[in-house]
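Take a look at the chain below before reading on.

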Amino acid sequence: MKNGQDKKTPPSPREKGDGRNEAFKGFTNSDCPFYPCHQGVKRAFNCLFCYCPLSAFDCPGPYKAFTSKNGVRRKDCSACTLPHDGHTQSWAFIQKWLAQPVLWDGGEQTRPWPRESENAKD
């Protein structure tokens, strides 16, 4: 190796800690010039999903569909706070919807928001 350095294997997650560190699930960048980019977030603002990985997929978030000047259907998700509302909560939300992704068909939001089934009391 260059300069006599040995190639090292990165430590496994077990070697890094006890497995309870969930810092990878989010962060807040309060120095961002756009922070906060969404109003109404009640928990720690999660900037990890600044560009939502669900933008190309069907999702329960409140969005509006529009056609760009180039004729491409797009989602306007500016009213959605789901990927930003709490570090662990938004992580769980994104993981749930990416577990079985369905491509967005370009249509309008048809689900009632908030979804009645998720707010029903047992």
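Rings of Phe, Tyr and Trp, the latter by its six-membered ring, form a pair if their centres lie within 6.5 Å. Keep in mind that this is a predicted model.

**Aromatic pairs**

The structure holds four aromatic pairs. Two of them are set out here.

| Pair | Centre to centre | Angle between planes | Geometry |
|---|---|---|---|
| Phenylalanine 24 and tryptophan 91 | 5.2 Å | 85 degrees | edge-to-face |
| Tyrosine 35 and phenylalanine 45 | 5.4 Å | 85 degrees | edge-to-face |

Planes over 60 degrees apart count as edge-to-face. The pair of phenylalanine 24 and tryptophan 91 links distant parts of the chain, 67 residues apart. Phenylalanine 24 sits in the loop between α1 and β1, while tryptophan 91 belongs to helix α2. Tryptophan 91 has a relative accessible area of 22%, so it is partly exposed.

Tyrosine 35 and phenylalanine 45 both lie in the loop between α1 and β1, so their pair ties together parts 10 residues apart in sequence. Phenylalanine 45 is buried, at 6%. Buried means under 20%.

Ring pairs also join Phe24, Phe49 and Trp91 into a cluster.

**Helix α2**

Helix α2 covers residues 87-99, which makes 13 residues. At 1.5 Å a residue, α2 should span 18 Å. Its end C-alpha atoms are 18 Å apart, so the two values agree.

Which residues of α2 are buried? They are Ser90, Phe93, Ile94 and Trp97. Seen down the axis of α2, these buried residues fall within an arc of 90 degrees, so they line one face of the helix. Lys96 and Ala99, on the other side of α2, are exposed.

**The largest pocket**

The largest pocket holds about 500 Å³ of space. It is lined by 26 residues. Which of them are closest to its centre? These are His38, Phe49, Cys50, Tyr51 and His84. Phe49 is also part of the ring cluster.

**Cysteine 37**

Cysteine 37 is in the loop between α1 (13-16) and β1 (64-67). At 44% relative accessibility, cysteine 37 is partly exposed. How far apart are the C-alpha atoms of cysteine 37 and cysteine 47? They are separated by 9.5 Å. Along the chain, these two cysteines are 10 residues apart.

Note on methods
Residues are numbered from 1 along each chain as its sequence is written. This is a predicted model: local features need pLDDT of at least 70, side-chain atom pairs count only at pLDDT 80 or more; totals for chains, interfaces and linings use all residues. Side-chain values use heavy atoms; hydrogens and water are left out. On a 1 Å grid over the protein atoms alone, a cavity is a set of points where a 1.4 Å probe fits but cannot get out, and a pocket is an open set with protein on both sides within 12 Å along at least five of seven lines; lining residues have an atom within 4 Å of a point. Grid points are joined across faces, edges and corners, and a volume is the space filled by probe spheres set on the points. Helices (H or I, at least four residues) and strands (E, at least two) are DSSP runs, numbered from the N terminus. The expected span of a helix is 1.5 Å times one less than its number of residues. Buried means under 20% relative accessible area, exposed over 50%, partly exposed in between (1.4 Å probe, protein chains only). The arc is that of the directions from the helix axis to the C-beta atoms. Rings of Phe, Tyr and Trp (its six-membered ring) pair if their centres lie within 6.5 Å; planes under 30 degrees apart count as stacked, over 60 as edge-to-face and the rest as tilted.
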